[in-house]
Amino acid sequence: MFSFVLLAFISGLLLSNQSPINARLGRGLGSPFIAASFSFTIGTIFLGIVTFIQTNTLFPSIQFISQQPAWIWLGGLLGCIYLTSNILLFPRIGAVKTVVLPILGQIIMGIAIDTFGWFGATSSTFNVLQAVGVGIMFTGILLTVTVGNNGFQSQQTTNVTTILWMIWAVIIGMVSAMQQAINGHLGTLLHSSVQAAFMSFGIGMVLIVSVTLFLTRHNYPSKDMFLKVEPWAFTGGILGALFVLTTVISVPAIGTGLTIMMALIGQVVGSILVQQFGLWKSKQTSVQLKQILGILIMVVGIVLIKFL
């Protein structure tokens, strides 16, 4: 069990680095949608190669597809929404808030999925101790998010638009939890984690490329824009592909809730490292003691929710 818990934690680290990398690509190419298209395409190619090597095939049979409910294929759509939203959120609310605010949505949806057995998950009882754990996690989140000179934002910079972006960050957290549960169940049905991840990424790629072609029309990046973008800015798709793959492996083994919780800690730790060292040309901000304390409190909450 420990190996799957560690894998879920690593998936969070991967995702926290994907956001600033994709944000850099979006700035370089002048469009978050074009950046998301490249990210999904590169990730799909990567997963396609791994899938073919492992299974000697790419796609499930027509019979399998026809026998499954429509929602089993929604992981790609939800991943598309989540990735594009992260590219938009990162420069507007910062590295830590882009990671931590979705945690609210992920916790709520993750617990709902495990409690009611949605998306093929095994249902479990939500007890008082778990409720206390959720409250403790929220406390840790608030400590981590509200660090700054004047809390969330100074009065000069707080506005309706910023609040709406923060609310959207919570909503996409719920989207992310649903995606992980759906992809995990798809991996179980296919008996192949990597093929499930490939299908999810492939569907997301088709959707985001179609939307990008419609929105950008003929307003595509120039050759000079591509040449000015650092090569590492195109690796976000691989990190995203590895995130999907690791969660698909972890969900059937340790459940949706614990996978999400451990991935959340990985995301927060990763985002603080990105912030502290200004990784991937992001804004560098010193980590404060409150943020570290917030993470430790979150760990206590997770222990109460999933281990006691």
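Trainee: Which helices each supply at least two residues of the lining of the largest cavity?

Mentor: Rolling a probe the size of a water molecule over the atoms shows where empty space is left. A cavity is a set of points, on a 1 Å grid over the protein atoms alone, where a 1.4 Å probe fits but cannot get out, and lining residues have an atom within 4 Å of a point. Here α1, α4, α8 and α10 each supply at least two lining residues of the largest cavity, with α4 giving the most, five residues; helices are DSSP runs of H or I, at least four residues, numbered from the N terminus. This is a predicted model, in which local features need pLDDT of at least 70 and side-chain atom pairs count only at pLDDT 80 or more, while totals for chains, interfaces and linings use all residues. Residues are numbered from 1 along each chain as its sequence is written, and side-chain values use heavy atoms, without hydrogens and water.

Trainee: Which residues are the closest to the centre of the largest cavity?

Mentor: Of the 14 residues that line the largest cavity, the closest to its centre are G79, L83, Q179, F201 and V244.

Trainee: And which residues have the most contacts inside the largest nonpolar core?

Mentor: In soluble globular proteins, nonpolar side chains tend to be buried together. A nonpolar core joins buried (under 20% relative accessible area, 1.4 Å probe, protein chains only) Ala, Val, Leu, Ile, Met, Phe, Trp, Tyr and Cys residues through side-chain atoms within 4.5 Å. The largest such core has 38 residues, and L25, L47 and L186 have the most contacts inside it; α8 gives the most to this core, with seven residues.

Key: Buried means under 20% relative accessible area, exposed over 50%, partly exposed in between (1.4 Å probe, protein chains only). On a 1 Å grid over the protein atoms alone, a cavity is a set of points where a 1.4 Å probe fits but cannot get out, and a pocket is an open set with protein on both sides within 12 Å along at least five of seven lines; lining residues have an atom within 4 Å of a point.
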